[in-house]
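I opened my notebook to write down, step by step, what I looked up in this structure and how each term was meant.

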Amino acid sequence: METTQFDTIAAISTPPGEGGISIVRISGEYAFKVIKKIYRGKNLDKVASDTINYGHIIDPKDHNSEVDEVMVSIMRAPKTYTREDVVEINCHGGLVITNRILQIVLSNGARMAHPGEFTERAFLNGRIDLSQSEAVMDLIEAKTDQSMKAALNQLDGNLSHLIKNLRHQILKVLANVEVNIDYPEYDDAETMTTKMLLSKAREVKASIQQLLKTAKQGKILRNGLATSIVGRPNVGKSSLLNNLLHEDKAIVTNIPGTTRDVLEEYVNVRGVPLKLIDTAGIRDAKNQIEKMGVDRSKKSIKSSDLVLLVLNASEPLTDEDMKLIKLTDHSKRIVILNKTDLPIKVDVDKIKQLVGEKDLITTAAIKSNGTEKLENKIANLFFDQGIESTQNNVMVTNARHVSLLHKASDALDDVMKGIHEGMPVDLVQIDMKRCWKYLGEITGDTYTGELLDQLFSQFCLGK
Ligand SMILES: Nc1nc2c(c(=O)[nH]1)N(C=O)[C@@H](CNc1ccc(C(=O)N[C@@H](CCC(=O)O)C(=O)O)cc1)CN2
Ligand SMILES: Nc1nc2c(ncn2[C@@H]2O[C@H](COP(=O)(O)OP(=O)(O)OP(=O)(O)O)[C@@H](O)[C@H]2O)c(=O)[nH]1
Ligand SMILES: [Mg+2]
């Protein structure tokens, strides 16, 4: 059946499974009509907005039999999450009961919501803009406190304000340009206008570049710092992973080649989310399965933000170690000299020479020695490059926003180029307008149906 943004929608807004309480949320014009058909208790027409009310859900199609004892929240438009009438049924948190109540809601005037549709309505009805909607999802998926803060900042509208302010400035200049084109009072009107465009283009570009500088850290906070643990077989890679996880997740044995496949885990290191990738030990593999694992390790080095290269301090350096040092020379790298509880057989000075003292630490993973040192080093790598600060700690965390900021900045380059090449001002302003349009796509001042479908379909059901 064709669905529209005017239907009354419903979904279970709590995670599936057993729990203390589950919430079935209803939003739209008929939300109150629906609940009045299926609720026995107070007269809901008489209760104030933003109240929660005791009663029972009944099934009109089954002789009004009682289905559950519930609390029902009544929230009247427009001061609600979606800006529509919203009703939330707080029922007992069983799978069967929650689904039964949803079914009753659906057969009494509501239709099933699409993923993210409540938030999409909050956007379409103007309560939040597009970047704030995206922040709702980031908030749900945030993996550490730092990621959560960045998402909350965006939900509060700080990125939106910054972008809206830039757009406003551009619009003002464009209006001035129009006036000067239409009524050139002075002979040098064109020169004046050009000057104005040029200085505004420079100013806005500087702001955009400042924002883009935050994107690297923003991406890490959102997606995690992709970190590969590499090294010869049996050097202690999986042991180190377990230490960072503070649990025994990866299988550790004294048999070289234990880890055959790539293992991925999220860890929180002092607020920095790491996506840790334990790889198969790299050596000239003899058997096919191990060889595939090694190929993946090599790939994983290439796609990592950070490489933890593990060496065995209790054995002399091998050709494979040397290969690995070379292979990771161009990556951001921490070299870990492990097994330092055993007699040291490796030439430490040579390693210092090869990889630099700054990025070298010693550990004894078997005793969990050096884990804190490693954690500090990782956190410092992230924070020491200096958190790029902008007004109100705005951080760009989203790939869509980054791409639009680049396009906007390129459009400004075209403005400047046009001016330097003496292009007529009415042509130059087209590029300025393009910049304005790209910025508007971040906040959703301009958007397409496809974009909304694509964005909101990534949300969870009931959000
Ligand atoms: N039960 C419940 N808990 C929830 C939500 C919800 O919808 N239901 N939320 C969502 O999923 C989040 C809270 N977010 C919300 C954001 C705005 C409004 C809202 O009604 N805003 C109105 C009125 C604000 C006011 O009274 O001052 C507005 O902005 O006009 C409600 C929830 C998290 N917890
Ligand atoms: N003495 C000592 N033994 C260690 C240390 N770290 C790890 N080991 C031992 O070395 C062996 C190999 O450890 P793993 O963590 O499985 O090594 P790995 O690098 O993941 O090995 P593969 O998965 O086979 O590539 C195990 O027996 C560990 O207990 C250490 O610091 N000191
Ligand atoms: Mg392993």
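This is a predicted model: local features need pLDDT of at least 70, side-chain atom pairs count only at pLDDT 80 or more; totals for chains, interfaces and linings use all residues.

Residues are numbered from 1 along each chain as its sequence is written, and chains are lettered from A and ligands numbered from 1 in the order in which they are written.

I looked up the UniProt record, an unreviewed entry, which places the feature "binding site" at Ser238 and Thr259; such annotations may be inferred rather than shown by experiment, feature names are shortened, and positions follow the numbering used here. Although these two are spread over 22 residues of sequence, they cluster in space, with a largest C-alpha distance of 7.7 Å.

I then asked why Ser238 counts as buried. Ser238 counts as buried because it has 24 C-beta neighbours inside 10 Å, and the cut-off is 20 or more other C-beta atoms within 10 Å, with C-beta atoms placed from the backbone. Thr259 is likewise buried, with 23 other C-beta atoms within 10 Å.

I found Ser238 in helix H9 (residues 237-245), where helices are DSSP runs of H or I with at least four residues and strands are runs of E with at least two, numbered from the N terminus. Thr259 sits in the loop between H9 and strand E9 (263-269).

I checked which residues touch Ser238 beyond its neighbours within four places in sequence, and its contacts (C-beta atoms, placed from the backbone, within 7 Å) include Ala250, Thr259 and Asp278.

Terms used
A residue is buried if 20 or more other C-beta atoms lie within 10 Å of its own, exposed if 12 or fewer, and partly exposed in between; C-beta atoms are placed from the backbone. Two residues are in contact if their C-beta atoms, placed from the backbone, lie within 7 Å.
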